[in-house]
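Please look over the structure below before reading on.

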Amino acid sequence: MDKKKQMVFNLNNFLLAFSEILDSKKTSYISLLLGLECSFEAKKLADLCSYSLIANFPKDDIKKFDFLDNSHLEDKAFQDIIKLSKDICTKFNFHKNSIKQRVECIEFVKNNEDIYSEDLIEKFYKISNKLTFWLDLENESEIVMFIYSTLSDFTKVLDFEDILNMTTIFHKFQNPNSQILKYASILTDYFEFEHKDKQVFLIAISLQNIGKLYILKEILDKKEDLTYEEKEIIKSYPYHTKRVLNSIMGFSDICNLSFKVQERLDGSGTFGLSAKDLSFKDRLIICLVIYSALRENKVYRDSFSHKETIDSMKNEAKKNKIDDSIVDIFDKILQ
């Protein structure tokens, strides 16, 4: 492995980190149990888990993820399991001790014999006949333990660019109109970042907004003035970003960059870090997030021009919030 160009990566570990955001653990749990009943081999089970964790993504995006064997994505039995599991989890929430919901779920499967094969329905009856099936669906921590204990460890060596392709999907999922990666690429070339440093920086940029997926869009896109409570909720998103990225193998450097985006030199950010705690890269990513956000159209305001954005950022620099030397560079190269 060339550590300057590659890193060790496990797709299921990566996707499980986002499963709370995507609400996909239960779909994966049901899929894996059905896959075991179908006697899928280890690699197919791993891909089944990965696919079910992102089953709500567009198929074109799903194909960009680094599955162990892409042919599994075209397998009918594979796809039928995903559909049944996804349909069940879309229709039912599995509240604790809801016997009625269990009965309704079984009836739902039974009444859709025209959609699901007889063999698949029989396999579902078999796995759902165990009390632990329903109890696990009510306790997601048990699902995570089941997934990790069931799957073999398929780690791979991937180029940083391949990982960036996958993380960009999550970035665009949160904000499809963002131009921050374009700005980041311009700046990393300007500062002549080495290959690894540039790729790690770009991956961090692509994931810095992930915590916003924990926040209701009604708050993020609110046209009226935010209440104090709503402002505090929005300020919390880097905490959720850190929580997600900390659980991904090999992502410590990426996490350390991503979660500091709301920090300020005067210590007024989410984590209270101040100038002495913030490296040049930290300061650069902080300014990038501000610049990119101001240049975007929002439901509550029009986009700022480059000049308006720089003027606003210079005002923040005068208050000792951000690095004025970086703002000057933005003014020169991002026009």
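The model is predicted. Ala17 lies in helix 1, residues 11-22. Ser31 lies in helix 2, residues 25-37.

**Ala17**
- Ala17 has a relative accessible area of 9%. Buried means under 20%, so Ala17 counts as buried.
- Beyond residues up to four places away in sequence, Ala17 touches Val244, Ser247 and Ile248.
- Ala17 and Asn111 are 94 residues apart in sequence, and their C-alpha atoms are 34 Å apart in space.

**Helix 1 and helix 15**
- Helix 15 spans residues 237-245, and its axis comes within 8 Å of the axis of helix 1.
- The two axes cross at roughly 140°. Angles over 145 degrees count as roughly antiparallel, so helix 1 is classed as oblique to helix 15 instead.
- On the helix 1 side, the contact involves Ala17, Phe18, Glu20 and Ile21. On the helix 15 side, Arg243, Val244 and Leu245 take part.
- The residues of this contact divide into 5 nonpolar, no polar and 2 charged.

**Ser31**
- Ser31 is buried, at 0% relative accessibility.
- The side chains of Ser31 and Ser85 are joined by a polar contact of 3.0 Å.
- Leaving out neighbours within four places in sequence, Ser31 is in contact with Leu48, Ser52, Ile81, Ile82 and Ser85.

Technical notes. Residues are numbered from 1 along each chain as its sequence is written. This is a predicted model: local features need pLDDT of at least 70, side-chain atom pairs count only at pLDDT 80 or more; totals for chains, interfaces and linings use all residues. Side-chain values use heavy atoms; hydrogens and water are left out. Helices (H or I, at least four residues) and strands (E, at least two) are DSSP runs, numbered from the N terminus. Buried means under 20% relative accessible area, exposed over 50%, partly exposed in between (1.4 Å probe, protein chains only). Contact means heavy atoms within 4.5 Å. A polar contact is a pair of N or O atoms within 3.5 Å; within protein, one must be able to donate a hydrogen and the other to accept it, and residues adjacent in sequence count only if both atoms are side-chain atoms. Axes are lines fitted to C-alpha atoms, for helices over the stretch in contact, and angles run from 0 to 180 degrees between N-to-C directions. Angles under 35 degrees count as roughly parallel, over 145 as roughly antiparallel, 65 to 115 as roughly perpendicular and the rest as oblique. Ala, Val, Leu, Ile, Met, Phe, Trp, Tyr, Cys and Pro count as nonpolar, Asp, Glu, Lys and Arg as charged, and the others, Gly among them, as polar.
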